[in-house]
Amino acid sequence: MSLISDLALILIVAAFVTIVFKKLKQPLVLGYIVAGFIVSPHMPYTMSVLDKANIQTWADIGVIFLLFSLGLEFSVKKILKMGISPIISSLIIVFSMGNLGFIAGRFFGWAEMDCIFLAGMIAISSSTTIIYKAFTDMGLTQNKFATVVMSVLILEDILSIIMMVMLSTIAAGDSLSGGQIINSVMKIGFFIVLWFVIGLFAIPLILRSVRQHLNNETLLIVALGLCCFMAVVSTEVGFSAAFGAFVMGSILAETIEAERIERLVEPVKNLFGAIFFVSVGMLVDPHILVKYALPILLLTLTVLLGQAIFGTLGYFLSGQPLKTAMRCSFSMAQVGEFAFIIASLGQSLHVIGDFLYPVMVAVSVVTTFLTPYMIRAAEPAYSTLTRILPKHWVRRLEHIQAAPPYNPINENYWRSLVRAMIANTIVYGILSAAVIALMFSVVLPICRQLSVEWIGTHWLGNAVCGVATLALISPFLQSIVMKKNHSEAFRTLWTRNRLNRLPLLGTIVIRGFVAMGFVFYVINYLSRFRDALIIAAALGFLALVVISRTLKDRSISLERLFVQNLRSREIQAQMRGESKPLFATDLLDRDIHISTIEVPEASAWAGKSLRSLELRTRFGVHVSSILRGSRRINIPGGSTIIFPNDRIEVIGDDEQLTKFSSAAQHELVKEDVEIEKREMKLRQIVLTASSPLVGKSIQESGIRENYNCMVVGIEQGQQKLTLINPYATLAVDDVLWIVGEEKNLKKIVSS
């Protein structure tokens, strides 16, 4: 019961405190920390948590779900589209602030591991949550500099994940060395690429096959199950559980179900995230805050001034004008949630002092409160700086333009080709290494055991495992050697200049040696033939790999499946009209583009066909698609009917699209000014001998056609209405129940 009572106390206190902070327009993260401080065992005059170990377990789960949710918001394609500018800014800021944090720790005389973890906390000090909240409250989200800041924050979140893994590796060693860091980075890169590629192959296929059975409850369980599974796998290979959760989130972020998963997981993330931040506040000891008041003050100044100076330098060197650079850097001057996660990691590994966690929490609280003031101080600081600097310096600094976005059309063919070949070789090399490691660690022992049982020696098992391994990696090796040899860049370089042909052949030879190295390793591991025989076998196998049409087809099909899974969410957004088709970019070079126009509810176009509207003749536009609810009608024909609220995708130039949009919004059905007279009424009409309806059937009477009314029932001498027979002859004394407008009913009566 202690776990439940502690959890109840935490949530109740957190609820009251966060309501107060919400009213004060302060970040909820601070409210959670204050709530933890209130229920902390260090506060003798309040109710406190009895068992911190149980709460720490909840907090560890909270970190996993926090990073899983962060992964769901992460997109590889977004990072690739950012260009080089945010990368330069984030690397300069992280490197500079990290060194500043390490120097500050040394200045205080702290232990080496405390300084290393302090450097990590200061390097990734900015908080995406706090900054976005401040931008929203101050109405700055639409400003250009806010977009630049959010791009850098996304990259810093990724760097923080890598830093956590590196810190875990460093903490497990005896000392910090360059070789250890390089080994950690290579290990991280290997597993990220491996998990991401395999995950994008397997998980979208699994979700696609069971999509019809995935209601909200089932999808939530599947998502959390995959999160926890990857967290376990991550810990088994030497990384943290949080790192595995982030990787799984980033994999699911590329699937069609990503938005549903993000929406379903949010309450779970909020619950466990609240517990985590409350646990952060519980570790704050007032005695430590008093004892380390001077370091807290100096670290706060380090964060504020360091981000202001090195942040401005980073944004400026990435191509931003001085004013934009200062507004960006001043916005990032705070310590956020990743500092708590890094500190929690250090405490769980027992490599940092007990004082460091509460010190960083105190710095975070102060800098978070100061965030809005730092954002406002950017422009006065810029004005002051421009008055101090020489005028010609200011003019040059203000004419700095951001780096142009990545444009594959204008890029040098050699650079793009070599870059693509290197990326291709790394990805398929990692997949080949993973297959070899799996076969040698799992399959080979089984094959050897069976071989010894059958023939008394293990050479047959080696041969079977070797052949199977080479067969499995053969599509990857074929891709390493042959991929990009028929690309546009390769063909252009080959035909443009004969001097390019020898280097191009050299790229094939180099990649051939890389592929041959995998074959050599497999054969050498399983046999004791002479080197010459091994190389000959490797060359022979490699030749078969290169000329094999079957392997080429299999390699292409695997790559197409991967690309399809990677683009599935993007394609879904295009189908829903949430983003423009890929060909829209190509149209810009021809001074035409694609636009989406919604048909108003009162549109005069509703109910008419495209042929009758003559949109191409009237406006010169081409209708490429019609989005109707969840349906998408591509290349609609002339007989296609327009409905209200349809979204029409049309192609044309600026003038044509402007005219089309204006007509769509203004060609409306006129409002009925006599709407009150259009009320429908029910009236009984008794047929007399003089009525022109007597002797006719309802169909012949013309009640609907001539009077715009409708017969809903007939009384023929009984209380019950007779079912209407349109061919029955009307007689005298029949009572007709007729529905219609008042004026039309009067016409029938008067007739």
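In which helix does Gln-307 lie? Gln-307 lies in helix α14, which covers residues 293-317. The model is predicted, so local features are given at pLDDT of at least 70 and side-chain atom pairs at pLDDT 80 or more, whereas totals for chains, interfaces and linings use all residues. Residues are numbered from 1 along each chain as its sequence is written, and side-chain values use heavy atoms, with hydrogens and water left out.

**The chain as a whole**

- The secondary structure of the protein chain comprises 31 helices and seven strands. Here helices (H or I, at least four residues) and strands (E, at least two) are DSSP runs, numbered from the N terminus.
- Of the 751 residues in the protein chain, 47% are buried. Buried means under 20% relative accessible area, exposed means over 50%, and partly exposed lies in between (1.4 Å probe, protein chains only).
- When contacts between residues at least 6 apart in sequence are considered, 77% of them join residues at least 24 apart. A contact means heavy atoms within 4.5 Å.

- At Gly-306, α14 bends by about 30°. The bend at a residue is the angle between axes fitted to the seven residues ending there and the seven starting there.
- Gln-307 is buried, because its relative accessible area is 0%.
- Gln-307 and Val-94 are 213 residues apart along the chain, yet their C-alpha atoms are separated by 9.7 Å.
- After α14 comes Gly-319, whose phi is positive, near 110°.

- A bend of about 45° occurs in α17 at Thr-371, and the proline Pro-372 follows within four residues.
- The axes of α17 and helix α16 (residues 337-348) come within 10 Å and cross at roughly 175°. Axes are lines fitted to C-alpha atoms, for helices over the stretch in contact, and angles run from 0 to 180 degrees between N-to-C directions.
- The two helices α16 and α17 are therefore roughly antiparallel to each other. Angles over 145 degrees count as roughly antiparallel, those under 35 as roughly parallel, those from 65 to 115 as roughly perpendicular, and the rest as oblique.
- On the α16 side, Phe-340, Ala-343, Ser-344 and Gln-347 meet Tyr-357, Met-360, Val-361 and Ser-364 of α17.
- By class, this contact of α16 with α17 has five nonpolar, three polar and no charged residues. Ala, Val, Leu, Ile, Met, Phe, Trp, Tyr, Cys and Pro count as nonpolar, Asp, Glu, Lys and Arg as charged, and the others, Gly among them, as polar.
- An α-helix has 3.6 residues a turn, so residues three or four places apart point the same way.

**Two residues with positive phi**

- Most residues other than glycine have a negative phi.
- Glu-614 is not a glycine, although its phi is positive at about 55°. Glu-614 is found in the loop between α26 (610-613) and α27 (615-619), and its relative accessibility of 44% makes it partly exposed.
- Ile-635, also a residue other than glycine, has a positive phi near 50°. The loop between β3 (631-634) and β4 (647-652) holds Ile-635, which counts as exposed at 68% relative accessibility.

**Buried serines and their partners**

- Ser-250 belongs to helix α11 (residues 241-252) and counts as buried at 5% relative accessibility. Apart from its neighbours within four places in sequence, Ser-250 is in contact with Gly-71, Leu-72, Phe-74 and Phe-196.
- Ser-603 is in the loop between β1 (593-598) and α26 and is buried, with a relative accessible area of 4%. Not counting residues up to four places away in sequence, Ser-603 touches Ala-664, Glu-667, Leu-668 and Val-669.

**A partly exposed residue in a strand**

- Glu-598 has its place in strand β1 and is partly exposed, with a relative accessible area of 42%.
- Pro-644 is 46 residues from Glu-598 in sequence and 8.3 Å from it in space, C-alpha to C-alpha.
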